[in-house]
Amino acid sequence: MENATEGFIPVTGGRVWYRISGKGPGIPLLVLHGGPGAKSSDRDPLRQLGMDRPIIHYDQLGCGKSDRPTNTDLWTVDRYVEELEQVIKALELEEVHILGHSWGTMLAASYLLKKPAGVRSIIFSGPALDAQRWERDQRNYLKKFPQKIQETVEKSEREQTTDSAEYKEAMLAFYKRHMCRVDPWPKEMKADMKALNQQIYNFMWGASEFTVTGTLKKFDVTDRLHEIEVPTLFLCGHFDEATPEATEYYASLVPDAEFHVFENSSHMPGIEEPEAYVETVREWLNRQELRPGA
């Protein structure tokens, strides 16, 4: 991508890497990646929107190209919110659209509930806004898998052998149905999965998508979603870990929120249906800037 600039921003606990793609005239879009412990995708199709507006990615502390301290005191929602504030301040984003994906929606919601100035709109993509519901939804999906996979998951978690080859195989079968349905997975996605910081993922989330044992176990902002006052769009895939039912429910709690399902996607519509994903986001962002009184 031409016109990309990158660098590092000092935040509490270390430095985070960022990249700005494009110099379009619109209000910047800041992307909060999933995880926890994952990274920004170098192939994110949203970078194509750089003609319209600057598209900003950053790797959260401990992730990707950012510093990787091992102090578990840093892996809290509050510190990641503080980091987001530090990034916005360092990049002088007086006005900004925010798109959070997966764990990034937890981060985005926690930030928004502090009523920051300057957020023009928010997109929750594959939202995880209630950890217990997320776990229940994955468990329901798991019941539709062959008995052998279900037994492997149950046995591995009971005996704490979730680093076994059998468990990883069961996980992969689940991911190929509900995380990314492109077969085979693009090599960039495989590399991104490999780059996951397991320390952060295990500490904050747990051994897998369907067992939350970490510090996010009780995360639930559903009773506060009515406090969100900026234009809000909820996105998910038809086969998403963030189920259409859960996503539509979250959307119903935010005043005037919109809701869209990508019919041929699971949790990664940016990889599974990139053109539709980019166009949906583009249309939403442009519309927010044309709203009367905006």
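Contact, on this tour, means heavy atoms within 4.5 Å. You're looking at a predicted model, where local features need pLDDT of at least 70 and side-chain atom pairs count only at pLDDT 80 or more, while totals for chains, interfaces and linings use all residues. Residues are numbered from 1 along each chain as its sequence is written, and side-chain values use heavy atoms, with hydrogens and water left out.

**Stop 1: Thr247**

Select Thr247, which sits in helix H8 (residues 244-253). Helices (H or I, at least four residues) and strands (E, at least two) are DSSP runs, numbered from the N terminus. Is Thr247 buried or exposed? Thr247 is buried, at a relative accessible area of 0%; buried means under 20% relative accessible area, exposed over 50%, and partly exposed in between (1.4 Å probe, protein chains only). Now show what surrounds it: setting aside neighbours within four places in sequence, Thr247 is in contact with Pro127, Phe234, Leu235, Cys236, Ala242 and Phe259.

**Stop 2: the sheet**

Switch to cartoon and pick out strand S1 (residues 4-11) and strand S2 (residues 14-21), an antiparallel couple joined by 8 bridges. Two strands pair if DSSP finds at least two bridges between them. Across this couple, Thr5 stands opposite Ile20, and Glu6 faces Arg19. At the hairpin, 2 residues lie between the strands, and Gly13 takes a positive phi near 100°.

Zoom out to the open sheet: 8 strands with mixed pairing, in the order S1-S2-S4-S3-S5-S6-S7-S8. S1 and strand S8 (258-262) are at the edges with a single partner strand each, so one side of each has no neighbour in the sheet. From one strand to the next, the twist averages 20°. Angles run from 0 to 180 degrees between N-to-C directions, and axes are lines fitted to C-alpha atoms, for helices over the stretch in contact.

**Stop 3: helix H4**

Select residues 147-158, the 12 residues of H4. Which residues of H4 are buried? They are Ile149, Gln150, Thr152, Val153 and Ser156. Look down the axis of H4: these buried residues fall within an arc of 160° (taken from the directions from the helix axis to the C-beta atoms), so they line one face of the helix. Their cover includes helix H3 (131-142) and helix H5 (165-178). Over on the other side of H4, Lys148, Glu154 and Arg158 are exposed. Just past H4, check Gln160, with its positive phi of about 55°.

**Stop 4: the rings**

Across the whole structure, a search turns up 9 aromatic pairs. Rings of Phe, Tyr and Trp (its six-membered ring) pair if their centres lie within 6.5 Å; planes under 30 degrees apart count as stacked, over 60 as edge-to-face and the rest as tilted. Show Trp134 and Trp205: the ring centres are 6.3 Å apart and the planes stand at 85°, so this pair is edge-to-face. Trp134 lies in helix H3 and Trp205 in the loop between helix H7 (198-204) and S7, so the pair ties together parts 71 residues apart in sequence. Trp134 is buried, at 4% relative accessible area, and Trp205 also counts as buried, at 4%.

Methods:
The expected span of a helix is 1.5 Å times one less than its number of residues.
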